[in-house]
Amino acid sequence: SEDVLSKDAGECAICLEELQQGDTIARLPCLCIYHKGQVFLRMDIKFQEVAFMGCIDEWFEVNRSCPEHPSD
């Protein structure tokens with residue numbers, strides 16, 4: 001399900017960026033959370049932001065299970 005993160009929650013296991021308060025996330029049935037929808041990463045010294053597809057959206061294009069619980 002899609003949700004907005006209410007507090008910082010550590011690192012996204014897919015992109016390794018921090019899951020920060022206010023990020024749009026997907027919460028899987030196993031309760032793991034990942035970036036969902038549009039995510040922004042800092043790409044250079046000037047901290048310009050570049051958008052890309054959300055981590056779990058990309059993951060599910062080629063996988064059908066949780067990255068951390070593939071047997072579920």
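Predicted model: local features only at pLDDT ≥ 70, side-chain atom pairs only at ≥ 80, totals over all residues.
## Starting at Asp 8

Asp 8 sits in the loop that runs between strand 1 and strand 2.

Is Ile 14 buried, exposed or something in between? Its relative accessible area is 28%, which makes Ile 14 partly exposed.

Now look across to Glu 58. Ile 14 and Glu 58 are 44 residues apart along the sequence, yet their C-alpha atoms are 9.6 Å apart in space.

## Two salt bridges

How many salt bridges turn up when the whole structure is searched? The search finds two. The general idea is simple: side chains of opposite charge can pair when their charged atoms come close.

One of the bridges joins the side chains of Arg 27 and Asp 3, with 3.3 Å from N to O. This pair links distant parts of the chain, since Arg 27 belongs to strand 2 (residues 24-27) and Asp 3 to strand 1 (residues 2-4), 24 residues apart. Arg 27 is partly exposed, at 31% relative accessible area, and Asp 3 is partly exposed too, at 34%.

Lys 36 and Asp 57 make a salt bridge as well, and their closest N and O atoms are 2.7 Å apart. Lys 36 is in the loop between strand 3 (33-35) and strand 4 (38-42), while Asp 57 is in helix 1 (residues 55-62), so this pair ties together parts that lie 21 residues apart in sequence. With a relative accessibility of 23%, Lys 36 counts as partly exposed.

## Inside the fold

Time to head inward. In soluble globular proteins, nonpolar side chains tend to be buried together. Here, the largest nonpolar core has twelve residues. Among them are the leucines Leu 5, Leu 19 and Leu 28, the isoleucines Ile 25, Ile 33 and Ile 56, and the cysteines Cys 12, Cys 32, Cys 55 and Cys 66. Ala 26 and Tyr 34 belong to the core as well.

Which elements each supply at least two residues of this core? Strand 2, strand 3 and helix 1 do.

Technical notes
Residues numbered from 1 in each chain as written. Heavy atoms only, no water. Salt bridge = Lys/Arg side-chain N within 4 Å of Asp/Glu carboxyl O. Helix = DSSP H or I, 4+ residues; strand = E, 2+ residues; numbered from the N terminus. Buried < 20%, exposed > 50% of the residue type's maximum accessible area, 1.4 Å probe, protein only. Core = buried A, V, L, I, M, F, W, Y, C linked by side-chain atoms within 4.5 Å.
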